[in-house]
Protein chains: 2
Amino acid sequence: MKTFIIGTGLIGGSMALDIKSIYDDAVIFGIDAKEKHLDEAIHLGIIDQKATENDLINADLVIVAVPVDVALVILPDILNKIGEQTLVFDVGSTKNPICEAIENHPKRKNFMACHPIAGTEFSGPKAAIKGLYKGKTNIICEVEKTTFKLQEKAMDLFKKLGMRIRYMDPKSHDKHIAYVSHLSHISSFMLGKTVIEKEKSEQDIFDMAGSGFESTVRLAKSSPAMWTPIFKQNKKQVLKSLEEYIQNLSNFKDLLENDNYEEVYNEMQNTNRIKEILK
Amino acid sequence: MKTFIIGTGLIGGSMALDIKSIYDDAVIFGIDAKEKHLDEAIHLGIIDQKATENDLINADLVIVAVPVDVALVILPDILNKIGEQTLVFDVGSTKNPICEAIENHPKRKNFMACHPIAGTEFSGPKAAIKGLYKGKTNIICEVEKTTFKLQEKAMDLFKKLGMRIRYMDPKSHDKHIAYVSHLSHISSFMLGKTVIEKEKSEQDIFDMAGSGFESTVRLAKSSPAMWTPIFKQNKKQVLKSLEEYIQNLSNFKDLLENDNYEEVYNEMQNTNRIKEILK
């Protein structure tokens, strides 16, 4: 199976590693704007060889794992260059813009819009790990627009990767993901910022920071190059979730200011329900 | 070593487990407002027997591991009841109120104000674990007010628990800890609240929530009974940190609203520094 990974970072690289161990006949070709990433990916055994977009005509599978702004630009051209039987899927954290971008493309049926909910706060080929997708959710949008045979091919791969499949329309995806993913990143980045601004002595932060702070601020290590275009593409939904978050924080502040500790307690107790939800 | 654990939850219970394995002659007595916790603590091998405050006269060591509002009330009475050679320390997340509460107590020299920065989002005896304190920071306030011999005794224990010691004055402790601990909890609780309010379908939250959301919202599982009095006691500092956090979030919202993606990028990149700080 000739597999092209466009963007050999954490997400694309991890998928390449699993595909190599699942399919005996897998040959992995890498395409990346950064030559350094390609060299690293070869060195780490993630890809077998470098390639260009002109080689896509021979691809069985193309995985587009680049920042979401780049995906919008390159996807139409990728579809222009693939063969009739090639399956292309993306892995981006926003789904409506990409579905709209190729809505009327003659090769729309070769494309599947995917969002595997997996990753870490790290990026680049060195961050790629085997088994990243096992037990994780893969959200697929507008599945009916992908030709049946290529749906089957994709499902076979996702099943072998150990993923759980959920189908959603792209607008609902973008709305919900703003709350459960995009907002978490902003909350974490701004927490990190607030603490760094205050604590001029980094040694003090390190010494006083328990595991609680570390886990809450973990996402603030994420790549700005990946996240800026996500916030841009999902601006409306992200702003809405952020407004509600700020409103809830302001309300909590008011309760504290007014010594309404009974309600402070209730606010926390009601949110403890997250234990059961995430169990 | 006759050790009394007042409050047999995660923090007190974990300390009891370690003390038992470190000191051959350790006998652990438990005092707890909840009879159920004492029964559990005996069943789990955390304490050897139940006790009352009237037994404290025979104590070598008393660990006060109750919510910070309860500690303020019971500590003077505990000090009244201990012997001349008894060491008492607390483990609370606020230090100024407790230091003030026993400032003029005749047994002030028997007390050491401590904050071991360790814990999980769980509580109660069942949450107690061995080795919780290994490699963790213990902040000690007003160490000079504890008699030298009891300082030595405490340091011997903390060393054997594997803790790193930092000395601070109580006001500085409360100010810094508002940023690196208390604020993280509020940020996490309100994130949990915002998502729960939005997502009426809990299955959807579960399916779409990646490890990023899970770690950012982890602290929202914490005990309201423990955290309400912490926010109350450290109200001024917590409000200040919360105001700054809301300000940073609002600023980020404005950048996004005004399509200033260059600054959105910069905000995140500047905060990426948290990687090096927490390494």
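I start with one residue: B:Ala118 touches B:Ile11, B:Leu132, B:Tyr133 and B:Lys136, not counting residues up to four places away in sequence. Contact here means heavy atoms within 4.5 Å. B:Ala118 sits in the loop between S6 and S7 of chain B. From its C-alpha atom to that of B:Ile102, 16 residues apart along the chain, the separation is 25 Å.

Before going on, the ground rules. This is a predicted model, where local features need pLDDT of at least 70 and side-chain atom pairs count only at pLDDT 80 or more, while totals for chains, interfaces and linings use all residues; side-chain values use heavy atoms, with hydrogens and water left out. Residues are numbered from 1 along each chain as its sequence is written, and chains are lettered from A and ligands numbered from 1 in the order in which they are written. Helices (H or I, at least four residues) and strands (E, at least two) are DSSP runs, numbered from the N terminus.

Now the sheet in chain B. It is open, with eight strands in the order S3-S2-S1-S4-S5-S6-S7-S8, and the pairing is mixed. Two strands count as paired if DSSP finds at least two bridges between them. Strand S3 (49–50) and strand S8 (164–168) of chain B are the edges, each pairing on one side only. Strands S1 (residues 2–6) and S2 (residues 27–31) of chain B run parallel and are joined by five bridges. Within that pairing, B:Lys2 stands opposite B:Val27 in S2(B).

H6(B) lies across strand S6 (111–116), strand S7 (137–141) and S8 of chain B, at about 110° to S8(B). Axes are lines fitted to C-alpha atoms, for helices over the stretch in contact, and angles run from 0 to 180 degrees between N-to-C directions.

Chain A next. Its open sheet also has eight strands, in the order S3-S2-S1-S4-S5-S6-S7-S8, with mixed pairing. Strand S3 (49–50) and S8 of chain A are the edge strands, and each pairs on one side only. Strand S2 (residues 27–31) of chain A pairs with S3(A) in the parallel sense over two bridges. A:Gly30 has A:Lys50 as its bridge partner in S3(A). Helix H1 (residues 10–22) of chain A lies across strand S1 (2–6), S2, strand S4 (61–64), strand S5 (87–90) and strand S6 (111–116) of chain A, and runs at about 165° to S1(A).

One residue on this side: A:Gln237, in helix H10 (residues 235–257) of chain A. Its contacts, leaving aside neighbours within four places in sequence, are A:Asp174, A:Lys175 and A:Ala178. The C-alpha atoms of A:Gln237 and A:His176 are 8.5 Å apart, at 61 residues along the chain.

That leaves the interface. How many residues of chain B are in contact with chain A? There are 87, against 87 residues of chain A. The area buried between the two chains is about 8,700 Å², and carbon and sulfur atoms give 68% of this. Buried area is the accessible area (1.4 Å probe) that two parts lose on being put together, summed over both. In chain B, B:Val180, B:Met208 and B:Leu278 lose the most area to chain A, together 9% of what that side buries.

On charges, the structure holds 42 salt bridges over all chains, a salt bridge being a side-chain nitrogen of Lys or Arg within 4 Å of a carboxyl oxygen of Asp or Glu. B:Asp207 forms one with A:Arg166, with the closest N and O atoms 2.6 Å apart. B:Asp207 lies in helix H7 (residues 202–208) of chain B and A:Arg166 in strand S8 (residues 164–168) of chain A, so the pair joins two chains. Across the interface of chain B and chain A the rule finds 10 salt bridges. Helix H6 (residues 170–198) of chain B gives the most to the side of chain B that touches chain A, with 20 residues.
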